[in-house]
Amino acid sequence: MNCQEVREQLIDLLYGELDDAQQRQVMAHLDGCDACRGELRRLQRARSALAVFRAGEPTTMSVLKGELFGTERTEPAGRARFRVGHWLAAGAGVAAAIILGWAAWMLQGTKMLPTASAEQTGPVEIKRVALSLTILSAPPGSEGQYPQPRPMAAQGAEYQSEQMDYQVTVNGGQALGRGGWQGLALVRDQRLAANLRKGANEVRFKGVPAGILPDTVRLRSLDFADGLTIMEQNYQYDLASAAAVLKKHVDKQITVSVKDLPAVTGELLSYDHRNLVVRPKGEGPRSVSREKVRAIAFEKLPEGLLTTPTLVWQLNNKADRKQQFEVAYMTRGLAWRADYVLKLRPAVRPAGAGAAKPQAAGTQGAEGAKPQAAIPDIMDGADLVGYATVTNLSGVTYENAQLKLMAGDVNLIQDEGTVIHRYKQAQEQLANRLAEAREQFEEKSFFEYHLYTLGRPTTIRDAETKQIELVTGEGIKLKRGYVYDPSVNRTAARVVSEFRNSEENGLGKPMPKGVVRLYAPDPEGAQTYVSQTSIDHTPVNEKVRLPWGFAFDIACTAKTTGSRTAGDEHAETREYELRNHKDYGVTVTVIFRVPRTTYEGECNIPWHVREVGVVEADVPLAPGATAKVTFSYKANNKTGGGLKSPYDK
Amino acid sequence: MAGSREHRESGEAPDGGSGFTPAPPRTQEVRAALVEVGASVRRYLFGMCGDWHRAEDLAQEALLKAWRKRESFNGRSDVKTWVFAIARNHWVDSLRRRASGPREEPMIQESPANGSSGPRAAAERAELSAAVRGAVEKLPAEQREALSLRESRGLTFRQIAELLGVPAATVKSRVRYALLKLADELEPFRDWEPRS
């Protein structure tokens, strides 16, 4: 390359329009040519001086001040104003950096290549790469307060979702639904910013739910963590709801169309949920009943109002490259619960039921003196399906999201504090742990929680309730039992089904807390809804005990036959009488409650202590048999004490 | 300027080639371009008039013009070039209006206050700034325009060539001569170094 050729290209070099190969050639020539280097220095000096001349440049620019959105609404963009100041500032900063770089290069003779990115401008485009949703189960005590879609109530909400069926009010920056658990979920939204420039960038993130907890929003780079710093984070949620638009139009011109009357155009003086007060030009103020209002025409969307809540970041990108980053936040309006359906299989007559009948009379009055070990366990077959019922009232549709449901009740304030307290606790814990422990996140059990990860991505639309299969078990063996506890029901024994949550039983997955609905076949074989109960979180290999209703055919009575106190000594005798009217034998577990911690007990059949203050005995009952069980205890009031243990119910 | 005429046409004429079908909707493209080059257009106009307030007004008017006639953008040229062509025509029109109307006094420029502090540095900057202004004003119109367009950071040399209707090499040499002339004019300030 000769000097003539190089001088033609110096200007390209100066403005960053040379490709790498050309740049290397020019630089190689410059290394050995004082004259060309001198020219470059002069050119550069002139450019630096121009930068000084331009120094009064405003840092922001409003492009068309609302005009861009005043005439048409082709995109749901929020603010009617673009701020290009940050791009501008970015550009100026980079330009200054290049000038300095060149100065340094010229002074020290070291090479420093100008970056082409100085010329790039434009909004940062972000593309969704992956989305993951972790929905928490409701904390204890919030059962029955599961968020339900409800018809929109009267006016007064600050904003509501577009679907108008879910309403939240802003309360010190916290969106709080009307009572009850409004759901809590962690959303991790991974985006690729392909044209993130080096230096300052403004990233606008739309599609965030109305129920977002703004203080939980975190942004981090996935591939170059040190290179991305957040200078500022703003959550803009001044939504253009009817109420907000009205509010912004006080003292401004509106046109109100009224039923059966000519339209009123005038200044909006005030409004409440019943009336609008409008003053037409040159006339006195007029009150218009809102019931009669057909439509209100506004001149244009006021500035600063958004159609969707938006997160805006000012980012400083140290690396001159595209960045994949992740936005994590917690939001309300997403909730889930477990629902189980347990279908009993058509009744298999308990073994020996028919044969037992003739013997029934013979066992009359056995009074438990002879243990009747011959009564077999009653086993039922059943099929269980567990669904996760996911409700999305967040105001946003999550497309192709990886869905994770979290079950567990750890460390939420249970008895004191408001719902907000619970939110905050859960939110802090989970945001901290989840955002930082990515690897563990993949595991099935996490900390003290269980995670249920849906194997395929799913779309959860706004205002949608979705049911996804969680666990299934076919041919589960249920052991049917009867429990008589006079403190629960004095005249009947409760029916209890018990099964083990194990693989052999067709299950073997942790079962989150939820409602179980029992269906049993009626004599015609049709499944009929029988009963409903709930189960707690149940780990693998634990027994699940499902209390149903009370047995029809087992009559029970209980009485205290003797009670005697002498000094500190106290003695008491109780007697239960059980009659089996079924045509097959059953075993009833009877429960005696002893309000003492230490005592001397005695029973006419084998018995054992289940827990402090609770004594159990199994009473076999042949068909038609009657059994009497007596339990007596002796206790010293001084040494035995009164029982105030939490185990005693 | 022949180039100006040509671009005026491509900027304003509706798409005549398609006959029955309307021009494709380029609204989004134009909107994005306006946002993207807004500051560059202002910087270009500042280069031409030397006054940020006036540049702001002219830029807003030019962008509004571009937005109003967005339907006429036919996609044959680069959208940024199209916006700049409208800005350039607007600048020429404003000169014509000025020539016929009453002469306004240019607004007094605030001395550049950013950067290093201290009265001496500020004074040096102010002096340099005034010298650059004088030197820029002395440049031949073609060179000043080419330099202003390139320094606006909105267009590349190739796009400027398209806008002005001259070969890219011509644009480059205009910018080069402009910068060398500035360097000569600013020789007394040769020891000045840009500091942040």
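**A:T255 has A:A297 as its bridge partner in β13(A).** The model shown here and in the views below is predicted, so local features are taken only where pLDDT is at least 70 and side-chain atom pairs only at pLDDT 80 or more, whereas totals for chains, interfaces and linings use all residues. Residues are numbered from 1 along each chain as its sequence is written, while chains are lettered from A and ligands numbered from 1 in the order in which they are written. The antiparallel pairing of strand β9 (residues 253–258) of chain A with β13(A) extends over five bridges; two strands count as paired if DSSP finds at least two bridges between them. Both belong to an open sheet of five strands in chain A, ordered β12-β11-β10-β9-β13 and antiparallel in its pairing. Its edge strands are β12 (286–289) and β13 (293–298) of chain A, each of which pairs on one side only. Direction ignored, neighbouring strands of this sheet are turned by 45 degrees against each other on average.

**A three-strand open sheet in chain A has the order β6-β14-β8.** The pairing in this sheet is antiparallel. The edges are taken by β6 (199–205) and β8 (228–236) of chain A, and because each has a single partner strand, one side of each is left without a neighbour in the sheet. Eight bridges make up the antiparallel pairing between β8(A) and strand β14 (residues 310–317) of chain A, and A:T310 in β14(A) is the bridge partner of A:Q236.

**Strand β15 (residues 323–331) of chain A is joined by nine bridges to strand β5 (residues 185–193) of chain A.** These two strands run antiparallel, and A:L192 stands opposite A:Q324 in β15(A). Strand β7 (residues 212–221) of chain A is also joined to β15(A) in the antiparallel sense, here by six bridges, with A:R218 standing opposite A:A328.

**Helices α2 (residues 27–49) and α3 (residues 52–68) of chain B pack with their axes 8 Å apart.** The angle between them is about 145 degrees, where axes are lines fitted to C-alpha atoms, for helices over the stretch in contact, and angles run from 0 to 180 degrees between N-to-C directions. The crossing of α2(B) and α3(B) is right-handed. On the side of α2(B), the contact involves residues including B:V30, B:L34, B:G38, B:V41 and B:L45, and on the side of α3(B) residues including B:W52, B:A55, B:A59, B:A62 and B:W67; two residues are in contact if their C-beta atoms, placed from the backbone, lie within 7 Å. By class, this contact of α2(B) with α3(B) has 14 nonpolar, one polar and three charged residues. Of the contacts in chain B between residues at least 6 apart in sequence, 75% join residues at least 24 apart.

**The largest nonpolar core has 65 residues.** Such a core is a set of buried Ala, Val, Leu, Ile, Met, Phe, Trp, Tyr and Cys residues joined through C-beta atoms within 7 Å. The residues with the most contacts inside this core are B:V41, B:L45, B:V83, B:A87 and B:V132, and α2(B) gives the most to it, with ten residues. Leaving aside neighbours within four places in sequence, B:A87 is in contact with B:V41, B:Y44, B:L45, B:A59 and B:A62. Apart from this core lies another, of 55 residues, which include A:L133, A:L311, A:L344 and A:L384. In chain B, 40% of the 196 residues are buried; a residue is buried if 20 or more other C-beta atoms lie within 10 Å of its own, exposed if 12 or fewer, and partly exposed in between, with C-beta atoms placed from the backbone.

**A:N400 has a positive phi, near 45 degrees, although it is not a glycine.** Most residues other than glycine have a negative phi. A:N400 lies in strand β18 (residues 398–407) of chain A and is exposed, with 12 other C-beta atoms within 10 Å.

**B:R153, also not a glycine, has a positive phi of about 65 degrees.** B:R153 is placed in the loop between α6 (141–151) and α7 (157–164) of chain B. With 22 other C-beta atoms within 10 Å, B:R153 is buried.

Notes: Helices (H or I, at least four residues) and strands (E, at least two) are DSSP runs, numbered from the N terminus. A crossing is left-handed if the near helix is turned anticlockwise from the far one by less than a right angle, and right-handed if clockwise. Ala, Val, Leu, Ile, Met, Phe, Trp, Tyr, Cys and Pro count as nonpolar, Asp, Glu, Lys and Arg as charged, and the others, Gly among them, as polar.
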